[in-house]
Structures are given as structure tokens and as C-alpha cells.
Amino acid sequence: MKLAYVVPRYGPQINAGAEYAVRMLAERLVDQHDWQVEVLTTCAVDTQTWADHLPPGTTVDNGVTVRRFRSESGRHPRFNALSHAVLGAPERASTADQRRWLDLQGPCSAGLLAATGSTDADLVAFSPYLFQPSVQGVPAVGPHRAVFHPAAHDEPPLRLPVMRKVFAGAAGFVFYTHSERRLVEARFGVGAKPQLVLGLGVEEHPGRAGDARTRLGLGQAPYLLSVGRVDNGKGTGALVEFFAAYKARHPGPLRLVVAGDVVDPPRAHDDVVLPGRIDDETKWGLMRGATAFVNPSAFESFSLVVIEAWRAGAPVVVNGRCEATREHCERSGGGLWYQSFAEFEVTIDRLVRDDALRARLATAGGDYVRASFEWPGLIDRYATFLELLADRNATIG
């Protein structure tokens, strides 16, 4: 079995998002099932620019053949202005505006699209849905080989008319959550096509809470933890504002650690720690020592860090407007959610004051992860689905 993945970026430098998920799946298919797996991608690393960063050419990374292609253009300086206009009413966007939106968003790589159309792989998997490699690549591959890992959530680009053709062109779908599946089925009417709700696996990493506290100068203070891109689009600015309002009403030692690459610096606060990107050992140590892990994003298709937090033994709090993370909390019984400051205040106050509640949530979340997101069984389910899909489509073709 030969499988090709098409993603806008790829590599060990990328430790989150849909492209990270693809790397985890690709490496384990090679390791556990001895498949031929290739990745077709650009030379980009940075999603803010999509500039060529890595050299073009072919490498073999952990058994996966990676073919990188230069881009003619990355993120255009005028993209944000155009995006604001187009996505204000995405359903009414003209064909020309949609094409220009994709071109200015980047990355645009003719070499990548040509390689996508000519690969001899049995199946070609695309992720995420949002960028030109998927939007133009799915139709180029045809309806019998394209497997879509859309990583979709309810956001304006999903409502662009061009996406109907893209989703309709897939032979089958792999989703990260049941809520993603419901969203895509409702939006695009693809319920009759083969589908798998897969999720992602997680492996525990070393990292001691005491060592992480020392590195960040936290002392013995209790703290909330959020890990991910520090970006207003990810909800971190709102989280800091909610936390500041909470501390004004509930003075005490509680602190907030917001770790990750800083895109939008939040308002400074004496009890907010902003360490930037942290290594895995520090991240896992912080998770093990946190009063609660908070994911404030309203736009997630899975949220691996939530799963990691439960694996590390932390209770979880999420933005109730995010279907995927709220689904995790509802199905596991391991987390709470908020949609307003009043709900945030009550939720955090309960967790700070109630040791037994925190323990119950953490235990339920850990049980959920062990039952659903262990890698060996997850990869076996994934491989079986792809093999059945390839056999079905070979017969149809």
C-alpha cells in the first residue's frame, strides 16, 4: 500500500495543528504497517508568511519520503484586508474573489500541485481543507483516490462556495471528532461517503512539575496553564482579560501561564506568565502541576493539548463555543466549559476550591484518553479504513 499526504508544511519544527497530526500518522503507518508513505509539501514552516524556509528536494524523515517544492508566493501583505472583506459574507463571494483570497493567503506552489496530480500512490490524503494545496489538489487527484482530513471547524472560510466542490471531490473522510463529522455532513451533504472518526493518539513524555515551576519562577503558587499559539484568534487575549477580571474579584496566589509562540502579546498582568515557546519536558511538567489546563480557543478540530493535559493528570477547562473541545469534555466527564466571564469565574472558583472535583475530572479525562487515543489501536483502525477505501475505489475505478 502506498499513501501520499499533501500538506502545506511538514517537519519536526511543526509541533501542533493538522500538519503535526499528519506527521504522527505517517510515521506510524511506516513503523506499524510497513507502508510506503510520501509527503508532498512546500518549503514553508511559518504560517504567518508561508515563506520558503527549508530547501527544496527529497529527504527521508523517520521512514517517510518527504518531497518539498518551492512556492511562487506566500502570504501577501494585502491578504488580511481582502480576507476581512471576503469573509464578511463568504457565501456571496465571487469566483474571482475566492481565487484571489486563496492566492493571497498562500502558499501557492505549481510544483506541489503538479506532483500531487502525478503521484502513483494508491490514495492521496489532504489536510487541512483551508489552503490551496487541498482546494486545488483534491479535484486534481480525482474522486477515487482523494482522502480528506479536513480539520474543519465552523468558521467563515468553510462557507466559501469553492469548498463545496472540494469536499464533494473526496472519496472518503477522516475526522478528528464526531462534531467535525456532523459539521461537514450538514454543510456539504457527504454522509453517504466512507468516513472514519479517528482522533489522534498521545504518548506521555517526561517532565516533573517541580522542575517546570523552577524554570518559570512559579514557586509554590497554584496556576492555570494554557499552551499553544498566543494569538487573539486562539482566544488567549480574551483568556488573559478574563483572568485579570477574576483576580480583581478573587485576590490570591493563583497565576496564569500562557506558553507558546507570541503572535498577539496580551495585556501585561503581574500574575500572568508569558514564557514563549517551551520544550516538551517543561510543557508536561507544567501540565502535571497545573490546577487546571485551559484551552480558550473557539476554533479547534481536535485539540491534542487537551488530550495531553488529561494524560498528564490535569483537569481541563475549554471554551464552550468550540464544538470539538466541548465534545471531549462531555464524552469524558473530565472537563468543564465557559462561554462568558460569569461562567469562567464560577468554573475557576470551583476548581481552585475543590480538590476532590479536580481529582474526579482528571481521573475521568485520563480514562477517556486511554480508552480512545492510544496509538497502536488507533493506527490499526486507520490502516484498515484506508485499505478498505482503496479496495472499494479500485473496484469502482
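Strands E9 and E10 (residues 255-259) pair in the parallel sense over 5 bridges, where strands count as paired if DSSP finds at least two bridges between them. Helices (H or I, at least four residues) and strands (E, at least two) are DSSP runs, numbered from the N terminus. The model is predicted, with local features needing pLDDT of at least 70 and side-chain atom pairs counting only at pLDDT 80 or more, whereas totals for chains, interfaces and linings use all residues. Residues are numbered from 1 along each chain as its sequence is written, and side-chain values use heavy atoms, leaving out hydrogens and water.

How many residues of strand E9 are buried? Of the 5 residues in E9 (residues 223-227), 5 are buried, so the strand is largely enclosed by the rest of the structure. Buried means under 20% relative accessible area, exposed over 50% and partly exposed in between (1.4 Å probe, protein chains only). Tyr223, Leu225 and Val227 lie on one side of E9, with Leu224 and Ser226 on the other.

Turning to another sheet, 8 strands form an open arrangement in the order E3-E4-E2-E1-E5-E6-E7-E8, with mixed pairing. Its edges are strand E3 (57-61) and strand E8 (195-197), each pairing on one side only. Strand E7 (residues 172-175) runs parallel to E8 and is joined to it by 3 bridges; phenylalanine 173 stands opposite glutamine 195 there. Helix H1 (residues 17-33) packs on this sheet, touching strands E1 (2-6), E2 (36-42) and E4 (64-69), and its direction makes about 165 degrees with that of E1. Contact here means heavy atoms within 4.5 Å; axes are lines fitted to C-alpha atoms, for helices over the stretch in contact, and angles run from 0 to 180 degrees between N-to-C directions.

Finally, the cysteines: taking a disulfide as a pair of cysteine sulfur atoms within 2.5 Å, the count comes to 0. For cysteine 43, the nearest cysteine sulfur belongs to cysteine 108, 14 Å away. Cysteine 43 is buried, with a relative accessible area of 0%.
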